Amino acid sequence: MSQQTLPHAGVIGRYYELLSAPGVPLMVLAGIIGRVPSTMLELALPLVVAGRTDSWVSAGIVTAAYTISGAVLGPLRGRLVDRAGAPLILLVTGWGQALTLAGFILTLALSSNLIWLSALAVIAGALTPPVGPIMRVLWSRLERPDLREAAFAFESITIDILYIVGPTLVAVLIAVAPIEVCLIAAAALVALGPALLALAPGTSSARPEARPTHWLGALRSGAVRRMLPISFFVSGSFTATDLGIIAFTSAHHAKALSGVLIAAMSIGSIVGGLYWGSRRQPGTLRQQLTVLLLALTAGTVLLIFSGSVLLLGILAVFVGLALAPAITAMYSLMDAVAPRNEMTESFAWLGTSGNAGGAVAVAIAGLFVTRMHHTGGFVVAALLVGTGAIFCALAAPHAQPHADT
């Protein structure tokens, strides 16, 4: 993918150049549209099922079926992209998930049978379009190292924005229409977004590298394998922090503010990501990631000693400043060490490992909060991210910033 050089405009100079490059605006728009449905479905699925069946147990089973299927099969979707090309897989998964959601809505209206709903949820999860891994591969093909760095930072910022936009869209639709409309909207967006990305010049013109043949795929690489525990611990800490905020606000009789505090952390993350991607950072990628994880560890420890909701909110913003930069450094390091012909699968494994970390973190943090103290979620988060920092310092693969392998 080529870029034209445009004048820098201070802090936003790199982002201006990145988003002004030919074909990039359409690619970015398609990437956002294609990922909004996932953040909508995480909230809409349990609400719709619980509303129809009057059972939160059923809602939990169906949502878990969707989430686990999507996470477990992520690397397989990535491998298919590496072997068949992004456009085909985007079209098949996007339209396939849209049709599955349509079938889910019809089944819910006719019978609300838990077995059928769970089966359709598994299929919908399996057909989650691999938009995130594909976007990261497209960014990795940028020729200029400074724009690649800005692109990965922008990608981390986009994730924060998506987790604000998706739930907000669900809330708005619920307020003005039947809750099933959320699923209809998600189906429409997942049919549109991946199709647009498949047709974007950068995607359609890219061809797979020499096709991998080994059954282990990206896991043949020791460097890729050493990145997975980092994602596990880091993503787990994020999830435990969110649960910690909910438990803390509940204990202080301010549960309604939990969403506000989580959003405040996301805003801090966006600000930190914008700064991180706007300039070249010193040190190797491994050193950068280690320092950022140590900063997150220190900030998360401070959350344990928050004495009020106000102080927690202030600290949450400061902790958020390191979130997007840490994610950016983690994906940049994977970009630098992953095999060129298995990039999509490598990024997908990073996401799957992170999802596993989040699932484990929820269980452990819930136990700590229930049996110890309402700050137990922050204790678990600090332990996880601290472990991630130590592992990164001792075992993460070595790579210079944006080295080609």
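Residues are numbered from 1 along each chain as its sequence is written, and side-chain values use heavy atoms, leaving out hydrogens and water. Because the model is predicted, local features need pLDDT of at least 70 and side-chain atom pairs count only at pLDDT 80 or more, while totals for chains, interfaces and linings use all residues.

**Stop 1: two helices**

Select residues 24-53, helix α2, and residues 56-72, helix α3. Helices here are DSSP runs (H or I, at least four residues; strands are E, at least two), numbered from the N terminus. The two helices pack at an angle of about 150°, and their axes are 8 Å apart. Axes are lines fitted to C-alpha atoms, for helices over the stretch in contact, and angles run from 0 to 180 degrees between N-to-C directions. The angle makes α2 roughly antiparallel to α3 (over 145 degrees; under 35 is roughly parallel, 65 to 115 roughly perpendicular and the rest oblique).

Next, show side chains at the contact (heavy atoms within 4.5 Å). On α2, pick S38, L41, E42, L45, P46, L47, V49, A50 and T53. On α3, pick W56, S58, A59, V62, T63 and Y66. Colour them by type: 10 are nonpolar, 4 polar and 1 charged. Nonpolar covers Ala, Val, Leu, Ile, Met, Phe, Trp, Tyr, Cys and Pro; charged covers Asp, Glu, Lys and Arg; the others, Gly among them, are polar.

**Stop 2: salt bridges**

How many salt bridges does a search of the whole structure find? There are 8, each a side-chain nitrogen of Lys or Arg within 4 Å of a carboxyl oxygen of Asp or Glu.

Are R35 and E155 buried or exposed? Both are buried (under 20% relative accessible area; exposed is over 50% and partly exposed in between, with a 1.4 Å probe and protein chains only).

Now select E180 and R52, which form a salt bridge at 2.9 Å, N to O. E180 lies in helix α9 (residues 180-199) and R52 in helix α2, so the pair ties together parts that are 128 residues apart in sequence. E180 counts as buried at 17% relative accessibility, whereas R52 is partly exposed at 44%.

Move to E342 and R220, joined by a salt bridge at 3.2 Å, N to O. E342 sits in the loop between α15 (323-337) and α16 (343-371), and R220 in the loop between α10 (201-204) and α11 (222-251). They are 122 residues apart. E342 is buried at 1%, and R220 is partly exposed at 41%.

Finally, select E17, R144 and D146, which are linked in a network of salt bridges.

**Stop 3: two positive phi values**

Most residues other than glycine have a negative phi. Select S112, in the loop between α5 (86-110) and α6 (114-126). Its phi is positive, near 60°, and S112 is partly exposed at 22%.

Then select H253, in the loop between α11 and α12 (258-277). H253 also has a positive phi, near 55°, and is exposed at 77%.
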